[in-house]
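Reader: I would like to go through this model by question and answer. Please show the sequence and the structure before we start.

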Amino acid sequence: MSALIIDGKKIAAGVTERLKNLVSNLPAGEIPGLAVVHVGDDPASAVYVRQKERASREIGIRSYVHKLPESATQDELLRLIDKLNKSAEIDGILVQLPLPGSIDAEKVIAAVLPEKDADGFHPANVGKLWMGDETVEPCTPKGIMALLDSTGVDMSGMEAVVIGRSNIVGKPISAMLLSRHCSVTICHSRTKNLPEVSRRADILVAAIGKPNFVTGGMIKSRAIVIDVGINRVNGKLAGDVEFETASRKASWITPVPGGVGPMTIAMLMSNTIQLAGLIHSERGE
Ligand code: NAD
């Protein structure tokens, strides 16, 4: 039997539509503002920044892109963040990563006010996430939770395996699955017997950055499979999961493209509106 597809494009469009309606009913003085800080010339970052601007326009929130050259110093960047922290027009601040090597990214992330941290990367917000307190959740894992919720499956008590331990995906999605009462195992490049561990998963999240790494043989029959990977193979996008073999084992699966990717930007918009005090932490489900 072939897996049902979790259609991230459609679910993200639904979230966007709802946020757009919410913003269209606001008086002009209450329209949320998002500042996107983009340092340097990384071409992928330029694409992401443009996508964020486009999404802001579509929803009707104000977006301010601050472009600094590759040569910008850490002090210049920190001064800009300080200005944005103090600006009444700005509800959310996002610093596009990666930053040039001369800049200490951790210091920059920590300089953003936690109350304006649109990415949910500030240590105070990360701490709250692990404590199970309401906070601003990082966009990609927040999108993944919305995708999981869209299946209608009760996650409580399920065995979840996350492959990848990055601060932007692997660790936060593990905290969020834990807060939904899953038993969570976090795997990484040094995990021994990975296929044995991954075959235990009722929910398997692959955030590795290696094309087609997770094959059908690594998946438990009827598992829900979330493919976070975005890899380029011969000019085409490929996930971390080998879709063809995996979809024969899974009950639900996200495609690449059209799965997790579209949710990330929708959740950034949701976070900005949340930081403006207009909604609680919501996943659009
Ligand atoms: P990362 O490079 O920071 O982390 C990769 C993780 O994979 C590491 O924790 C590493 O231990 C683990 N890993 C590497 N090789 C492994 C192996 N052989 N076995 C087990 N684990 C292994 O990556 P990231 O930033 O978390 O991103 C992961 C993937 O998700 C990338 O393809 C990235 O492009 C994609 N991504 C997509 C979105 C989206 O919006 N869809 C957002 C963020 C990241």
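Author: Accessible areas here come from the Shrake-Rupley method with a 1.4 Å probe, and for residues only the protein chains shown count as cover. This is a predicted model, in which local features need pLDDT of at least 70 and side-chain atom pairs count only at pLDDT 80 or more, while totals for chains, interfaces and linings use all residues. Residues are numbered from 1 along each chain as its sequence is written, and side-chain values use heavy atoms, with hydrogens and water left out.

Reader: What share of the accessible surface of the protein belongs to carbon and sulfur atoms?

Author: The accessible surface of the protein comes to about 13,300 Å². The part that belongs to carbon and sulfur atoms is 53%.

Reader: What radius of gyration does the protein have, and why does it count as being as compact as a globular protein of that length?

Author: The protein has 10 helices and 11 strands; helices (H or I, at least four residues) and strands (E, at least two) are DSSP runs, numbered from the N terminus. The radius of gyration is taken over C-alpha atoms, and the globule rule is 2.2 Å times the number of residues to the power 0.38. For 285 residues the rule gives 19 Å, and the protein is close to that value, so it is as compact as a globular protein of that length, with a radius of gyration of 19 Å.

Reader: How far apart do the C-alpha centres of domain 1 and domain 2 lie?

Author: Domain bounds come from an automatic or database domain assignment. That assignment gives domain 1 as 26-113 and domain 2 as 137-262. The distance between their C-alpha centres is 29 Å.

Reader: Is serine 247 buried or exposed?

Author: Serine 247 is part of helix H9, residues 243-249. Not counting residues up to four places away in sequence, serine 247 touches Met1, Ser2, Ala3 and Ile253, where contact means heavy atoms within 4.5 Å. Buried means under 20% relative accessible area, exposed over 50%, and partly exposed in between (1.4 Å probe, protein chains only). The relative accessibility of serine 247 is 7%, so this residue counts as buried.

Reader: Which residues is histidine 66 in contact with, leaving aside its neighbours within four places in sequence?

Author: Histidine 66 lies in strand E3, residues 62-68. Its relative accessibility is 22%, and histidine 66 therefore counts as partly exposed. Beyond the neighbours within four places in sequence, the contacts of histidine 66 are Ala35, Val36, Val37, His38, Leu80 and Leu84.

Reader: Where is proline 98 found?

Author: Proline 98 is found in the loop between strand E4 (92-95) and helix H4 (105-111).

Reader: What is the phi of arginine 222?

Author: Arginine 222 belongs to the loop between strand E7 (203-206) and strand E8 (224-227). With a relative accessible area of 45%, arginine 222 is partly exposed. Its phi is positive in a residue other than glycine, with a value near 75°.
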